[in-house]
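Please find below a note on the model under discussion. It is arranged as numbered points, so that each can be checked against the coordinates.

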Amino acid sequence: MSNRFDSKNHPVGSCRLSRRKFVAAAGTAVAAPTIVSSSVLGANPPSNRINVALIGCGNQSRVDLPSMLRQPDAQVVAVCDVNRGSSGYARPEHFLGREPAQKKVNDYYAQKTRSGEYSGCDAYSDFRDVLARDDVDAVMIVLPDHWHALATIKACEAGKDVYCQKPMSLTVHDGQQMVKAVRQHGRILQTGSQYRSNAVVRRMCELVRNGRIGEVKRAVAIINGSGAGPGPGWQEMPVPDGFDYDMWLGPAPDAPYHADRCLYRFRFLQEYSGGQVTNTGAHSIDIVQWALGNDGTGPVEFEDQDGIVWPPAGHLYTTAMKSHFRARYANGVEFVCRTQAPGFGARIEGTEGWVQFSVNNMKEVEASSEAIKNSVIGPDEIRLPVSGNHYRNFLDSVKSRQEPIEPVEAGHRTATICHAGNIAMQLKRKLQWDPEQEMFVNDDEANQMLRRPYRKPWQIDGIES
């Protein structure tokens, strides 16, 4: 694959859709994007610039958008969201959506121009209009989980590289199709599990990989809990003005609108996400996978454990409020995922001690001894890839065509553990998993839960599922 760029900064040989004429959500005709002057992006001429579009302007965009704007060789040319703009996200004071995101981009670039004016960022309500632009090189998919597969696959088909937020998929089947699309179309995909770009996490994983805790025996992923949401008798609400609810649902089943179904809290309904197992668990489980060197595989057994708490009957939310499942890798290493304070972390235990990463201590690895904690990793020992910034690492991969620090297969395997653990908790029994075939062994009921039907007309892999 070539790492040369053409005059529009597309990798030479990339597949692109021809440019369509269409109207932006705000009703203005779309023209070619305003090119930010050299005074803004410094020594990065258009031929070396990566044009990026943000698809999904909700809660996580508060981190992802500013982080991408700060990259000197990237230009954000478009934003997209089915919500024009509203509150109702993780915190009441957060007013988000496509128009607030568009304003943030234009204001950022305006501050860097001599005139103090800039209006080159376009806003859309349909992500397909973004993908139709042949000047967009890469997209950041910051959508609810049930949209990740469709948006990623269509982006790959359109010749775009992808930064996809975690968890990578809603189902194992969706993740498999995402892997196929990325590889078939020769695209770069970075999974948005940004703790792989954290020096403390990398240090912890290197200590494990180099045997500082002896033979690994057990790994623990710690996740948050959640509430039950609106209780029995909750009522359908009117869809807010400026919010395309049917498009928000997309491939998910039709359902009455409620404010707590969408925006930030979608993650607590099984139709759209996997609860905290796929939220904070996608991070902590991913750290375990990296520490154990299991990016290309996963456990062979899953089992529900005591302490699982589901929302009471009649409540809106349907994912576990408290989670607890156990898994086992083929080499005998035990893995546990459970809800526990402080709510996010990963711990690896071995015959000679333990190491852990905790959200409450982001400055250093915690360990069972000072000798382990302060151990020096020699030049001839295992060294993991270094990334100081997840977004920078993605852009560097777009240019070099080399794999990012969390490529599509790694994100898929982490998400698979999340999904299999959720299935074990729902079925309340032990399940055998084949990580090569990516299916449960001799269990039709569990295997049927590896994919979800798509609401028409949405489909992937050529058939309506």
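This is a predicted model: local features need pLDDT of at least 70, side-chain atom pairs count only at pLDDT 80 or more; totals for chains, interfaces and linings use all residues.

1. The parallel sheet. An open sheet is built from six strands, arranged in the order β3-β2-β1-β4-β5-β6, with parallel pairing. The edge positions are held by β3 (122–124) and β6 (189–192); each has a single partner strand, so one side of each is left without a neighbour in the sheet. On average, and with direction ignored, neighbouring strands of this sheet are turned by 20° against each other.

2. Strand β4 (residues 138–141) and strand β5 (residues 161–165) run parallel and are joined by four bridges. Across this pair, V139 stands opposite V162 of β5.

3. Strand β11 and its partners. β11 (345–350) is joined by six bridges to strand β7 (residues 216–223), and the two run antiparallel. In that pairing R218 stands opposite E349 of β11. β11 also pairs with strand β12 (residues 353–358), again in the antiparallel sense and over six bridges. β11 and β12 form a hairpin, with two residues between them, and G350 has G353 of β12 as its bridge partner. As for accessibility, five of the six residues of β11 are buried, and the strand is thus mostly covered.

4. Helix α9. This helix covers residues 280–292, 13 residues, and spans 19 Å from its first C-alpha to its last, close to the 18 Å expected at 1.5 Å a residue. After α9 comes G293, which has a positive phi, near 70°.

5. Rolling a probe the size of a water molecule over the atoms shows where empty space is left. In the whole structure, a search finds one cavity of 30 Å³ or more, and the largest cavity holds about 30 Å³ of space. Its lining consists of K166, P167, M168, T191, S193, A282, E406, G411, T414 and A415. Helix α12 (residues 408–427) supplies the largest share of this lining, three residues. By class, the lining comprises four nonpolar, four polar and two charged residues.

6. The largest pocket. The space in this pocket amounts to about 760 Å³. Its lining has 39 residues, and those nearest its centre are N59, Q60, V142, F266 and R267. The elements that give two or more residues to this lining are α8 (245–249) and α9. The lining divides into 20 nonpolar, 14 polar and five charged residues.

7. The second largest pocket. Its volume is about 200 Å³. The lining has 16 residues, of which Q270, N422, I423, Q426 and R452 are the closest to the centre. α12 gives the most to this lining, with four residues.

8. Cis peptide bonds. Most residues other than glycine have a negative phi, and most peptide bonds are trans. Against that background, where do cis bonds occur in this model? One joins K166 and P167, with omega about -15°, and P167 is found in the loop between β5 and α6 (172–184). K166 and P167 are also among the residues that line the largest cavity. Another cis bond runs from A341 to P342, with omega near 10°; P342 lies in the loop between β10 (334–339) and β11.

9. Positive phi outside glycine. K428 has a phi near 60°, a positive value in a residue other than glycine, and is found in the loop between α12 and β14 (431–434). Its relative accessibility is 55%, and K428 therefore counts as exposed. E438 likewise has a positive phi, near 55°, and lies in the loop between β14 and β15 (439–440). Is E438 buried or exposed? E438 is buried, with a relative accessible area of 16%.

Notes:
Residues are numbered from 1 along each chain as its sequence is written. Side-chain values use heavy atoms; hydrogens and water are left out. The expected span of a helix is 1.5 Å times one less than its number of residues. On a 1 Å grid over the protein atoms alone, a cavity is a set of points where a 1.4 Å probe fits but cannot get out, and a pocket is an open set with protein on both sides within 12 Å along at least five of seven lines; lining residues have an atom within 4 Å of a point. Grid points are joined across faces, edges and corners, and a volume is the space filled by probe spheres set on the points. Ala, Val, Leu, Ile, Met, Phe, Trp, Tyr, Cys and Pro count as nonpolar, Asp, Glu, Lys and Arg as charged, and the others, Gly among them, as polar. Two strands pair if DSSP finds at least two bridges between them. Axes are lines fitted to C-alpha atoms, for helices over the stretch in contact, and angles run from 0 to 180 degrees between N-to-C directions. Buried means under 20% relative accessible area, exposed over 50%, partly exposed in between (1.4 Å probe, protein chains only).
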